[in-house]
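Visitor: I have a model open and want to learn how to read it. Where do we start?

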Amino acid sequence: GSPLANGKLHLHSSVKRKLADEKGYVFDKRLRYNVRQNESNCRFRDIVVRKEEGFTHVLLSSQTTDNNALTPEIMKEVCRALGNAAADDSKLLLLSSVGTVFCSGLEPSYLIGRLSTDRRKESSRIAEAVRDFVLAFIHFKKPIVVAINGPALGLGASILPLCDVVWASERAWFQTPCAALHLTPSGCSSYTFPQILGVALANEMLFCGRKLTAQEACSRGLISQVFWPTTFNQEVMLRVKEMASCSAVVLEESKCLVRSILIPILEEVNEKECQMLKQLWCSTKGLEALFSYLQNKTHEK
């Protein structure tokens, strides 16, 4: 460029355009990055995934079912989120939910709708989705923290022993109404519940659908702490951020020491439970029991 009176160079228009293009390129890269982030979030319809500092936050936020109930499609989204979190630089995963219910388990109306069309095919498909969903928790190598803000039913309660730290609001309660739905246990609860709760209470939950309050669940070891509802989220985030400040290697290796010996057992239990569910869903009695359960729920309302 040509020198000016003040000693600075006069830049030619071609150089200016180049600099402007470079600035524009930086801006475009950021824009594309933001778009990719938004597209990544949009890929999930019934869950919300947030990448926080040191951890990944997965929230159940079902748009297609009531009370964060589970369907094969929702379970696949959770599996995908866990797979992404396993591969990124987060140290742990926080699982919580949007709304007043944490998770109401498998959606009975969905089961009836699908099993009424092609019972054999759909029973296999749904049983495989449950198996893969449970396996995703069994094989996840980083610590899983669960924040239970409200009721956890069925599979939503059964998966809790597969997680590492479970905190609950005072408003939370836990129930596995398997027998009422003409279903056998799932989520490895046929093994984990007797181990944690004792055989007597586990049988009462699995066979009779006994409801546990948050305080009862805490006293029996199903969850570790109960917090007041108004400060629940703050208490959880404070503790999660504290965990996330620890070494990733220490957290992962500590979980491995605690969990590795159980993995083959849990895999076998999960396979047996899903095979039994498939058999029940194939039967006429299984479908009739689901109809009856929904009718009773309708009358209760």
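Guide: With a definition. A nonpolar core is a set of buried Ala, Val, Leu, Ile, Met, Phe, Trp, Tyr and Cys residues joined through side-chain atoms within 4.5 Å. Note that this is a predicted model.

Visitor: How many residues does the largest nonpolar core have?

Guide: In soluble globular proteins, nonpolar side chains tend to be buried together. Here the largest such core has 68 residues. Phe133, Phe137 and Trp281 are among those with the most contacts inside it. Helix 4 (residues 119-139) gives the largest share, 9 residues. A separate second core has 13 residues, including Leu92 and Phe227.

Visitor: Which residues is Phe137 in contact with, beyond its neighbours within four places in sequence?

Guide: Val78, Leu82, Leu95, Ile144, Ile159, Leu162 and Cys163.

Visitor: What is the strand order in the open sheet?

Guide: Strands of a sheet pair through backbone hydrogen bonds, either parallel or antiparallel. In this case 6 strands run in the order 3-4-5-6-8-11, with mixed pairing. Strand 3 and strand 11 each have a single partner strand, so one side of each lacks a neighbour in the sheet. The twist from one strand to the next averages 20°. Strand 4 and strand 5 run parallel, joined by 6 bridges. Leu60 has Ser97 of strand 5 as its bridge partner. Helix 2 (residues 72-87) lies across strand 3, strand 4 and strand 5.

Visitor: At what angle do helix 6 and helix 11 pack?

Guide: About 125°, with axes 9 Å apart. The two helices are therefore oblique to each other. Tyr191 of helix 6 and Leu266 of helix 11 are among the residues making the contact. Its residues divide into 4 nonpolar, 3 polar and 1 charged.

Notes:
Residues numbered from 1 in each chain as written. Predicted model: local features only at pLDDT ≥ 70, side-chain atom pairs only at ≥ 80, totals over all residues. Heavy atoms only, no water. Buried < 20%, exposed > 50% of the residue type's maximum accessible area, 1.4 Å probe, protein only. Helix = DSSP H or I, 4+ residues; strand = E, 2+ residues; numbered from the N terminus. Contact = heavy atoms within 4.5 Å. Axes fitted to C-alpha atoms, helices over the stretch in contact; angles between N-to-C directions. Parallel < 35°, antiparallel > 145°, perpendicular 65-115°, else oblique. Nonpolar A, V, L, I, M, F, W, Y, C, P; charged D, E, K, R; others polar. Pairing = 2+ DSSP bridges.
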